[in-house]
Amino acid sequence: MAAHMTNAHRRFLQVLMSNRITEGSEARKLHQHCCETDKVYYAHDKLDDFISTINSHLQPLFMQIRKGISEDDGRAHYAVVNLAETEVTKMASDYTEMELELFRKTMDLIILSENGFASSTDILNLADQLKTKKMKKKEAEQVLKVFVEDKWLSEKNGEYTLHTRCIIEMEQYILSYYQDLAKKCNLCHSLAIQSQVCESCGIGMHLPCARKYFRGQTEPRCPKCNEFWSCDTPVFFTGVNRMGSQT
């Protein structure tokens, strides 16, 4: 039998859905605020249990609060995911078919790239090749801006990658659709778009995961095959950092 769903749980869920994605420290503050506002028992280390209660009630609706990590800095984030929807139907109510096609082609470029990024130039060059309807470059620039504002894409210096929200919500779709290309991090077992790859056995690791794993090691070695790790060990992460990206 599912644990009782209180007004604190409902308030927490509403804010998460409104935010689209919530960073871990903000989720912890929200947890405390909701419990104190609705006079429900609060313990700072019980966020996972609190979310588990909500998920037990969301299950019949094919929805779930999922936790993922930012590929930039390794911080935890939470998002509400609709498990019944595919990549296309997830976004269909917010965008035109032409905009969705541009997003799919952008995702192709990002996942097919060696470093998990696609340049604005490459994306804009696709605008007049869309099957639905050709898009002017100015129009495509505006659509990309909206994708960034809606947290499907992240942009830094004219380069685009998938936002943490996109990775959390579309992980299963990406792993299925791009099954020969998409990798999971060998350490946290989540989808890795920006990653370092072992030249010997081919496993991949998120940059934050690699940073944590190799910390203090003078001669880093692959956690799977034990061969020397030839990629530069990531040192810090601020914003979208491409150091040591997949090669």
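**View 1. Aromatic pairs in the predicted model.** The structure is a predicted model. It holds eight aromatic pairs. One of them joins Phe103 and Phe147 edge-to-face. Their ring centres lie 5.2 Å apart, with 70° between the planes. Phe103 belongs to helix H5 and Phe147 to helix H7, so this pair ties together parts that are 44 residues apart in sequence. Phe103 is buried, at 1% relative accessible area. Phe147 is buried too, at 0%.

View 2. Phe214 sits in helix H9, residues 207–214.

**View 3. A ring cluster and a charge.** Ring pairs link Tyr95, Phe103, Phe147 and Trp152 into a cluster. Arg165 places its charged end over the ring of Trp152. The distance to the ring centre is 3.9 Å.

**View 4. The largest nonpolar core.** This core has 32 residues. Phe103, Met107, Phe147, Leu162 and Ile174 have the most contacts inside it. Elements giving two or more residues include helix H6 (120–124), strand S6 (159–162) and helix H8 (164–177). Helix H5 gives the most, with seven residues.

**View 5. Around Leu162, and a second core.** Beyond its neighbours within four places in sequence, Leu162 is in contact with several residues, among them Met107, Ile110, Trp152 and Ile193. A separate core of 18 residues includes Cys34, Cys35, Ile51 and Ile65.

Notes. Residues are numbered from 1 along each chain as its sequence is written. This is a predicted model: local features need pLDDT of at least 70, side-chain atom pairs count only at pLDDT 80 or more; totals for chains, interfaces and linings use all residues. Side-chain values use heavy atoms; hydrogens and water are left out. A nonpolar core is a set of buried Ala, Val, Leu, Ile, Met, Phe, Trp, Tyr and Cys residues joined through side-chain atoms within 4.5 Å. Buried means under 20% relative accessible area, exposed over 50%, partly exposed in between (1.4 Å probe, protein chains only). Helices (H or I, at least four residues) and strands (E, at least two) are DSSP runs, numbered from the N terminus. Contact means heavy atoms within 4.5 Å. Rings of Phe, Tyr and Trp (its six-membered ring) pair if their centres lie within 6.5 Å; planes under 30 degrees apart count as stacked, over 60 as edge-to-face and the rest as tilted. A charge sits over a ring if NZ of Lys or CZ of Arg is within 6 Å of the ring centre and within 35 degrees of the ring normal.
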